[in-house]
Amino acid sequence: MCGIVGYIGKNQDVRMGLDVLRRLEYRGYDSAGVAWYSPEKKEIFCLKKAGRIDDLEKLITESNLELKGNPFILHTRWATHGGVTDENAHPHWDCKKEIFSIHNGIIENYRELKEKLLKEGHKFTSETDTEVVCHLIEKYFQGNLEEAVRKALKEVRGTYGLVVIAKKDPGKIVAARLSSPLILGVNQEGILIASDPSAVITHTRQVINLDDNEIAVLKMDNFHILKEKAFVQIDWTPEEAQKGGYPHFMLKEIMEEPETIENAVRGRLLPDEGNVKLGGLALVENRLRGTKKVFLIACGTASYAARAGEYMLEEYTNLSTEVDLASEFRYRKPIIDKSTAGIFISQSGETADTLAAIREMKEKGALTIGITNVVGSSQSRETAAGIYTRSGQEVAVASTKAFIGQLATLAMLTVYLGRQREMSLVMGKRIVSELAKLPDLARKVLSQSSEIEKISQKYKDFKNFWFMGRKYNYPIALEGTLKLKETSYLHAEGVAAGELKHGALALIDENFPTVAICPSDSVYEKMISNIQEIKARKGPILAIATEGNEDIKKIVDDVIYIPKTLEMLTPILATIPLHLLAYYIAVTLGNDVDKPRNLAKSVTVE
Ligand code: F6R
């Protein structure tokens with residue numbers, strides 16, 4: 001999704017901004033641009049290009065412009081309004097080319113604003129909603145940029161992280177936020193503004209999050225926001241953002257899955273009490289005790305974690321549990337009251353649909369709990385309480401280790417809510433002790449990576465796949481499907497195995513393989529019946545089965561083994577080979593696994 005970088009300070013080298021912008025490449029984008037003020041020429045220069053940051057660099061070199069000046073603003077665009085063209089890339093400017101802005105979010109009323117501005121004589125050069133804001137600012141500009149921005153934004157409906165510079169009010173960056181993140185990082189040299197903390201961590205760990213409806217004015221040696229704000233510390237190291245010797249971030253992040261479980265549970269397991277300590281829920285402990293109904297709400301991969309969480313909560317807490325996609329929840333009319341809790345799961349904590357669902361829940365008086373990875377994210381600030389998954393920075397666009405962190409966190413939440421209700425001490429102890437063993441079991445799965453790579457080569461030439469599972473592993477079939485689709489661009493569908501004979505079976509033949517997740521659990525026998533139905537129709541089968549199950553080799557084509565654990569925790573182990581399978585197939589097909597086409601890491605628009 002779009003990325004924003006701005007800088008004002010002692011450094012006059014605009015290339016520094018390009019280096020910072022590169023740190024946002026992982027979010028996914030389709031064009032990039034830069035604008036800088038040259039104090040010598042008293043002009044703002046701007047270059048922008050559809051394609052990668054490398055294409056922008058080439059354009060800069062060809063332009064022979066001196067990349068010297070300050071302030072400067074840079075942007076990576078992920079197209080929403082208007083195609084992927086040089087003209088639609090950011091920054092955008094006003095009629096006189098004196099005001100330049102970059103923007104994340106969507107201006108919902110841009111059509112009516114544009115029509116009005118056109119009638120007033122403004123000339124547009126792009127199809128974007130962002131350009132409308134430049135012209136609005138131009139309309140109100142009388143020498144003071146923040147005043148003009150403030151007036152312009154009064155007319156705007158929608159969401160924005162907006163950063164603006166003006167030739168006639170130089171030495172200043174004005175930034176404004178509404179539902180699209182912006183953070184300020186300050187060091188000895190100057191002030192950086194960005195849409196994502198990972199952009200600034202090589203320069204400073206001291207950041208301030210702008211809140212909705214705030215406008216910040218950044219000058220050479222100081223900045224001013226409408227209200228007093230405290231610094232927060234970013235706990236990611238720059239090294240975490242590096243590939244650590246792996247060819248891709250995706251593989252590095254899959255290899256970190258055991259550590260992700262370790263980090264999620266560290267200091268939280270209470271083996272003697274058969275319970276967990278979740279500090280972030282302390283303030284709402286009593287309210288959670290009185291909770292009667294739980295909604296688990298998320299998007300994409302996080303929504304599959306929510307589905308697995310539904311099975312966990314229903315089995316162990318007796319809480320009535322419902323899962324919803326955030327994008328649908330906001331348009332439903334679910335029955336919600338004060339005894340309802342909404343549990344929102346999001347890696348980034350910035351997903352627009354999930355944030356909208358949180359606001360909807362709050363409005364209806366329900367308790368809101370966030371499960372997120374990013375400290376200080378919008379979700380963590382907007383929910384009443386929460387649990388950080390502590391998965392570390394996830395750079396690859398396709399989510400892998402963060403999903404594992406979400407599942408481990410949901411397992412802990414199950415113990416917490418279960419022990420508040422009827423879960424016995426013995427059962428609490430059992431889950432906690434299995435959770436503690438899980439990192440080592442996950443390492444065992446990863447130790448088969450070269451075997452899994454070999455198996456992936458047998459399946460890489462198929463064009464269509466089924467992934468099937470039952471109960472806890474039905475959501476994992478969906479996760480395996482999404483990961484394969486988004487990284488390999490192959491067609492795959494996830495199915496609850498019991499549904500197969502209700503239609504899906506019609507597609508099975510020798511060219512349509514099935515990945516069957518069938519650990520030795522309470523639904524194993526049923527899964528075997530489904531596997532037989534596929535075999536009878538000559539469909540190739542790759543099974544994910546429990547170690548020691550030699551019988552399964554007689555009926556399937558290939559097997560990847562996972563160690564035995566509690567049924568509710570098998571989704572964590574079963575996911576790991578599916579992540580590796582998707583990775584190896586995608587790499588063999590020559591795809592850019594870390595930045596799959598058409599996708600963005602943090603989906604900050606509806
Ligand atoms: C898939 C993927 C997406 C995200 C979804 C929600 O691999 O990464 O489906 O899971 O966009 O993102 P978060 O968790 O940041 O809310």
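Modeller: Accessible areas come from the Shrake-Rupley method with a 1.4 Å probe, and for residues only the protein chains shown count as cover. On that basis the protein chain exposes about 23000 Å², of which carbon and sulfur atoms supply 49%. This is a predicted model, in which local features need pLDDT of at least 70 and side-chain atom pairs count only at pLDDT 80 or more, while totals for chains, interfaces and linings use all residues. Residues are numbered from 1 along each chain as its sequence is written, and side-chain values use heavy atoms, with hydrogens and water left out.

Colleague: What makes Arg-390 and Lys-471 partly exposed?

Modeller: Buried means under 20% relative accessible area and exposed over 50%, with partly exposed in between (1.4 Å probe, protein chains only). Arg-390 has 34% relative accessibility and so counts as partly exposed, and Lys-471, at 25%, is partly exposed as well. Arg-390 lies in the loop between β21 (385-388) and α13 (401-420) and has a positive phi, near 55°, although the residue is not a glycine. Lys-471, in the loop between β22 (464-469) and α16 (474-488), also has a positive phi without being a glycine, at about 50°. Across the protein chain, buried residues make up 62% of the 606.

Colleague: What makes the peptide bond from Asn-70 to Pro-71 cis?

Modeller: Its omega is near 0°, and Pro-71 is placed in the loop between α2 (53-63) and β4 (72-77). The bond from His-90 to Pro-91 is likewise cis, with omega near 0°, and Pro-91 lies in the loop between β4 and β5 (92-93).

Colleague: How do you know that β5 and β13 stand at the edges of their sheet?

Modeller: Two strands pair if DSSP finds at least two bridges between them. The open sheet has 6 strands in the order β5-β6-β7-β8-β12-β13, with antiparallel pairing. β5 and β13 (223-225) each have a single partner strand, so one side of each is left without a neighbour in the sheet. For β5, 2 bridges join it to the antiparallel strand β6 (residues 99-104), where His-92 stands opposite Ser-101.

Colleague: What makes a set of residues a nonpolar core?

Modeller: The set consists of buried Ala, Val, Leu, Ile, Met, Phe, Trp, Tyr and Cys residues joined through side-chain atoms within 4.5 Å. The largest such core has 93 residues, and those with the most contacts inside it include Leu-281, Phe-465 and Met-568. Helix α18 (residues 570-588) gives the most to this core, with 12 residues. A second, separate core of 25 residues includes Tyr-29, Ile-53, Leu-74 and Val-207.

How values were computed. Helices (H or I, at least four residues) and strands (E, at least two) are DSSP runs, numbered from the N terminus.
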